[in-house]
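Have the view open as you read, and take the points in order.

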2 protein chains.
Amino acid sequence: MNTPKKRAFKARLFGEFARIGKALGNPHRLQLIEVLAQGERTVEQLAEDVGSPVANVSQHLQVLKAAMLVSVRREGLYARYSLADPRVFRAWQALRDLGQARLSEVDAVVAEYLGDRSKFEAVDAAGLRRRLEDVVVLDVRPRSEFEAGHIRGARSVPHDELAARLRELPKDVEIVAYCRGPYCVFADEAVAALRAKGYRARRLAEGYPDWRLRGFPVATGGERG
Amino acid sequence: MNTPKKRAFKARLFGEFARIGKALGNPHRLQLIEVLAQGERTVEQLAEDVGSPVANVSQHLQVLKAAMLVSVRREGLYARYSLADPRVFRAWQALRDLGQARLSEVDAVVAEYLGDRSKFEAVDAAGLRRRLEDVVVLDVRPRSEFEAGHIRGARSVPHDELAARLRELPKDVEIVAYCRGPYCVFADEAVAALRAKGYRARRLAEGYPDWRLRGFPVATGGERG
DNA sequence: CGGCTATTCAATAAGATTATTGAATAGCCA
DNA sequence: TGGCTATTCAATAATCTTATTGAATAGCCG
């Protein structure tokens, strides 16, 4: 193959890949991906979750769909969106890890809103897995997300119920709280609340989708907690 | 943390991640990343490699630098750029895999320029690794890239020397050719040329950076081939 | 110093992306 | 059928991105 032809090939090929990059190049769309990593959602639910007007969210979903990152299932009045492929979460994860590692602004923003998290050192997924039998695992996401899938053995205590249900938790066993992702605030808040009351608590560094992607044990539905 | 504050937090945080997405959202920049995954380059070398004007490449490099994806080392007149972190390649890889899996256009473009590659079934990295002792591994990249790092035991036969050096290669042993990446045309051309002359040849599905990232055996410098 | 080279900067015009708004569609239910 | 709801479409203005051009900078070498 000669050079101009090869150039055209590369240009077109990389143009296709760049479509995906472009789709990932917007904060709202990344938020949508993070929410969708928890499971299927309607447009309205997404709009509620990310705090944008519905028309706006719909527009961003069209972009994600055009890049083949999400798929829709229509059910009566509702359009139920979900991630089209586990690789979509993988790509977001790669991007997120890169940002966390390289952008000092990420640290700065996290520190400004959550304070210095390093003092409550987090457990990573591999570490939790090893100690799964020795700790109480607390899922602080909304119950519907827990039911759609959770760390095996975890208890569902949605963040807004935690204060009222503290007495269910043991003080002599370490508690590991987790949430949607590494930047999900509920887990941090739960840890802070628990520590304030004398519990031994830490957060899982990552979120449920990260855990599942590693192939670590999960369960669905059920009542526990 | 209350909801408006949480919203602001998420917006700023995801805004940071989106900076990286944006930087990955342009075909030229993705090409630059692919070339830089082979090793350090000056602006002029990059311009030559991707076939764009130097000022243009410089501008894109500024964008990549602002997103902390590349770093520069200044040496006299030259600015030597390289990937700032192995995670940058990982992110590009995630994006590439996603595109390959999900975008039918990728298949279409590849088929249009390279024909249907599936008939020469490629070896994947894990497969090659297992059979490393049983095949001849052919590095068809320019010699300087081979010297900067190659699959351990590989022979350097740059694509433009292959025709003249066919006789060095054995006909009774399978030959596995590799290149910069899964879409690097030289490996396909080498396989086609070898097969046409009666050699048993296949290509490695991925490229050298993928091999190295997996932690498979590599070597640098040296003469072999 | 003056000439040379690699790189960056600056300005611009064309094009793409985004939020916002209000209207259109399409399925449910009475 | 008509009313209701979830979603999408369409149009617009404001804001980014990009390729192109030519000038500016900064280090080398004689």
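Predicted model: local features only at pLDDT ≥ 70, side-chain atom pairs only at ≥ 80, totals over all residues.

1. One of the salt bridges pairs Glu105(A) with Arg19(B), whose closest N and O atoms are 3.4 Å apart.

2. Polar contacts are there to look for as well: 9 residue pairs make them across the interface of chain B and chain A, both residues being at pLDDT 80 or more.

3. Which helices of chain B supply at least two residues each to the side that touches chain A? They are H1 (3-23), H2 (27-36), H3 (43-50), H5 (86-102), H6 (104-114) and H9 (185-196). H1(B) gives the most, with 18 residues. By type, this side of chain B divides into 34 nonpolar, 8 polar and 20 charged residues.

4. As for extent, 62 residues from chain B and 62 residues from chain A take part in the contact. Together the chains bury about 5,500 Å², with 71% of that on carbon and sulfur atoms.

5. Now turn to the sheet in chain B. Its 4 strands form an open sheet in the order E6-E4-E7-E8, with parallel pairing. E6 (155-156) and E8 (201-203) of chain B each have a single partner strand, so one side of each is left without a neighbour in the sheet.

6. Look next at E4 (residues 136-139) of chain B, which is joined to E6(B) by 2 bridges. Here Leu138(B) stands opposite Arg155(B) in E6(B).

7. Finally, H9(B) comes up again: this helix lies across E4, E7 (175-178) and E8 of chain B, running at about 170 degrees to E8(B).

Conventions. Residues numbered from 1 in each chain as written. Chains lettered and ligands numbered in written order. Heavy atoms only, no water. Contact = heavy atoms within 4.5 Å. Buried area = accessible area lost by both parts, 1.4 Å probe. Salt bridge = Lys/Arg side-chain N within 4 Å of Asp/Glu carboxyl O. Polar contact = N/O pair within 3.5 Å; in protein donor to acceptor, adjacent residues only side chain to side chain. Nonpolar A, V, L, I, M, F, W, Y, C, P; charged D, E, K, R; others polar. Pairing = 2+ DSSP bridges. Axes fitted to C-alpha atoms, helices over the stretch in contact; angles between N-to-C directions.
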